[in-house]
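Open the model in your viewer and keep the selection tool ready. The stops below tell you what to pick and what you will find there.

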Amino acid sequence: MDAKLKEKLLKLQESDFVADDIKLYLDTHPHDTAMLMKLCMQNQKSMMLRNEIEGRYCYPLTASAASNYGPCFKWIDAPWPWCPEWPGESKCNTVSLEDCNKNSCQNNENDCVCKSEMEGCK
Amino acid sequence: MWYYEKKLQRPINIKHTNPELAKIVISQYGGPDGELGASLRYLSQRFSMPNEITKSICNDIGSEELGHLEMIGTLVHQLTKGIDCDEVKKSGFSTYYVDHGTAVYPVSASGQSWTASYIQSCGDAIADLTENLAAEQKARKTYDNILRLSDDPDVNDVIKFLRAREVVHFQRFGEALRTVQDLQDCKKTFAMPSICSCQNMGI
C-alpha cells in the first residue's frame, strides 16, 4: 500500500471532519461570516485532497470517480472502509499521472465517457 | 439524496478480536440509544421542523449519525472477524452467534431487536427537539458505560470520538430548540407551545 496515499486519505478524513463540525455550527449560527470563510477554506482543502487521491493515486472514493479510470470499473476493487485492509492497494499503479489526467472526463457533460477506454472495454 | 464515499468519518483498525466486547458495542448499533435510532429519529423529524435552522440541524446531524452507524458496524465486524468456535463459547457471544453468526444485526446488548418504538417523530418541534437532547445524553451515557467495560485502547479511541460527537450534537440541538422557543409568545417565562400557535409554528 502506498504510504503517501494512506496519509492523504487520513488528511482528507481530518479535513472533512473539520468541515462537518463547522457546518453544524453554521446551521445554528448562519450569520457568522468568519466561520463561513473558514468552512470555505476547509472545503477547498478537502477538494484538493480529493482531487489528488482520485486523480494522482487513482483511488476511487466515489463510484462516479471510478468511471474515469479506464477499462475496468475500479469502484469494486478498492476495499470497503470497514475492512481492516482498507484502504488497500491502489489498483492502477500501471497508469501514470499523465494518463490518468488524459483519461479523466473533463469535457462537456454530454461527452462524459472516456471513449478510448470504453473501446478498451469491448 | 446521499452519496457514498469509501471512507469512515474516522479510521478504525482493531488489532485484536474480542467477541465479548462486540456483544456490548452492538448496543450502539441497534440498541435503545444507538446510532440507528438516532439517525432515523432526526431524519424522520426533519420533515415537520418549523424553520430553516431546525430542518438543517436535523438533516445534518441525522446524516452524520448514519456515518456513526457505519463506524459501530465496523467495530463489531472487526472485533469478530475470523473468531473460532472456542472463542464464541468462552466469550458469551454464542447467544448472538446462534442467530446472526458474525454478521452485523441491529440489536441491543441484551438481545432485543431494534424497534421504531425507541424513537418519536410527532410534529411538535418542542417535543421532538427536547427528545433529541435526551437522546444525545442517553447515547453519551452508553458510550460512558462501554468505556467502563472495555480495555481495548483501539476500540476506546473510537468510542471516545463518538462520545464527543454526542456532546456537540446536544449543544447544537439546544441552540436549535431555542430558535423554536423564540417563536413562542415572548411574555411566557417558560417554554410552552400554545395550541393556537399553528401559524407561528409554520404548520
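**Stop 1: the largest pocket**

Start with α4(B), which gives the lining of the largest pocket its largest share, eight residues. Helices here are DSSP runs of H or I with at least four residues, strands are runs of E with at least two, and both are numbered from the N terminus. This is a predicted model, in which local features need pLDDT of at least 70 and side-chain atom pairs count only at pLDDT 80 or more, while totals for chains, interfaces and linings use all residues. Residues are numbered from 1 along each chain as its sequence is written, chains are lettered from A and ligands numbered from 1 in the order in which they are written, and side-chain values use heavy atoms, leaving out hydrogens and water.

Now select A:D20, B:Y3, B:E5, B:K7 and B:S63. Of the 26 residues that line the largest pocket, these lie nearest its centre. A pocket is an open set of points on a 1 Å grid over the protein atoms alone, with protein on both sides within 12 Å along at least five of seven lines; a cavity is a set where a 1.4 Å probe fits but cannot get out; lining residues have an atom within 4 Å of a point.

The largest pocket holds about 890 Å³ of space. Volume means the space filled by probe spheres set on the points, with grid points joined across faces, edges and corners. Colour α1 and α2 (33-56) of chain A and α4 (52-80) of chain B: each supplies at least two lining residues. By class, the lining has 10 nonpolar, seven polar and nine charged residues. Nonpolar covers Ala, Val, Leu, Ile, Met, Phe, Trp, Tyr, Cys and Pro; charged covers Asp, Glu, Lys and Arg; the others, Gly among them, are polar.

**Stop 2: where the chains meet**

Show both chains. Here 29 residues of chain A are in contact (heavy atoms within 4.5 Å) with 27 residues of chain B. About 2,400 Å² is buried between them, and carbon and sulfur atoms give 59% of that. Buried area is the accessible area (1.4 Å probe) that two parts lose on being put together, summed over both. Pick A:Q13, A:L24 and A:W82. In chain A they lose the most area to chain B, together 25% of what that side buries.

Next, find A:D16 and B:K7. Their side chains meet in a salt bridge, 2.8 Å from N to O. The rule is a side-chain nitrogen of Lys or Arg within 4 Å of a carboxyl oxygen of Asp or Glu. Three salt bridges are counted between chain A and chain B. Over all chains, the count is 17. A:D16 sits in helix α1 of chain A and B:K7 in the segment before α1 (19-25) of chain B, so this pair joins two chains.

**Stop 3: the largest cavity**

The structure holds three cavities of 30 Å³ or more. In chain B, α3 (35-45) and α7 (125-149) each supply at least two residues of the lining of the largest cavity. That lining has five nonpolar, one polar and seven charged residues.

**Stop 4: chain B and its B:W114**

Zoom out to chain B. It has eight helices and zero strands. Its C-alpha trace spans about 65 × 35 × 30 Å along the principal axes. Which loop holds B:W114? Look between α6 (94-100) and α7 of chain B. B:W114 touches B:G30, B:G31, B:L36, B:G37, B:L40, B:P106, B:V107 and B:I119, leaving out residues up to four places away in sequence. B:G37 is 77 residues from B:W114 along the chain, and their C-alpha atoms are separated by 8.1 Å.

**Stop 5: a loop in chain A**

Finish in the loop between α2 and α3 (97-103) of chain A, where A:P87 lies. The peptide bond from A:W86 to A:P87 is cis, with omega near 0°. A:C58 is found in the loop between α2 and α3 of chain A too. Its phi is near 50°, a positive value in a residue other than glycine.
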